[in-house]
Amino acid sequence: MIRPLLPHPSTGRGRKREVDEREILNAIFYQIHNGCIWSDLPKDLPAWQTVYKYFRRWQRKGTWQQIHDQLRRDVRVSVGKQANASAGSIDSQSVKTTEKSDYLQCQVC
């Protein structure tokens, strides 16, 4: 499902890709799921420097946003909803408010 959304390797320039995209994704998902630092990736996954390079490159190109958007649309359609939401809701827990504690303390003093 994700492969068509990943950038294609450039042809004719540079070295041929030596790592499997699936292993790169496995390593990225492992890091995100476990919250470990990049250098703590297990040794059976590609080198953390390689994984991080792909993660950042895909982030700069907007690949992660495209993957997220496509998967969200697919899930919505699979449960019988329209591909895109027609309404949204924001509650007070979702919106960061300004800090007023300093102001209140000064008024009380």
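So, aromatic pairs: this predicted model holds five of them. For a pair, ring centres of Phe, Tyr or Trp (its six-membered ring) lie within 6.5 Å; planes under 30 degrees apart count as stacked, over 60 as edge-to-face, and the rest as tilted. Take Trp38 and Tyr52: the ring centres are 5.3 Å apart and the planes meet at 65°, so this pair is edge-to-face. Trp38 sits in the loop between α1 (21–34) and α2, while Tyr52 belongs to helix α2, so the pair ties together parts 14 residues apart in sequence. Helices here are DSSP runs (H or I, at least four residues), numbered from the N terminus.

How covered are these rings? Trp38 is buried at 15% relative accessibility, and Tyr52 is partly exposed at 33%. By buried I mean under 20% relative accessible area, by exposed over 50%, and by partly exposed anything in between (1.4 Å probe, protein chains only).

Trp38 also pairs with Phe55, this time tilted, with 5.2 Å from centre to centre and 45° between the planes. Phe55 is in helix α2, so that contact with the loop residue Trp38 bridges 17 residues of sequence. Both Trp38 and Phe55 are buried. Stepping back, one aromatic cluster takes in Trp38, Tyr52, Tyr54, Phe55, Trp58 and Trp64.

A quick word on the ground rules. Residues are numbered from 1 along each chain as its sequence is written, and side-chain values use heavy atoms, without hydrogens or water. As this is a predicted model, local features need pLDDT of at least 70 and side-chain atom pairs count only at pLDDT 80 or more, whereas totals for chains, interfaces and linings use all residues.

Now, charges. The whole structure has two salt bridges, each being a side-chain nitrogen of Lys or Arg within 4 Å of a carboxyl oxygen of Asp or Glu. In one, Glu21 meets Arg3, with the closest N and O atoms 3.8 Å apart. That pair links distant parts of the chain, 18 residues apart: Glu21 in helix α1 and Arg3 in the segment before α1. Glu21 is buried at 11%, but Arg3 is exposed at 55%.

The other joins Arg72 and Asp69, at 3.2 Å between the closest N and O atoms. Both lie in helix α3 (residues 63–78), three residues apart, about one turn of the helix. Arg72 is partly exposed, at 35% relative accessibility.

And where does Arg60 sit? Arg60 is in helix α2 (residues 48–60), and Arg60 is exposed, with a relative accessible area of 59%. Thanks, everyone!

Key. Helix = DSSP H or I, 4+ residues; strand = E, 2+ residues; numbered from the N terminus.
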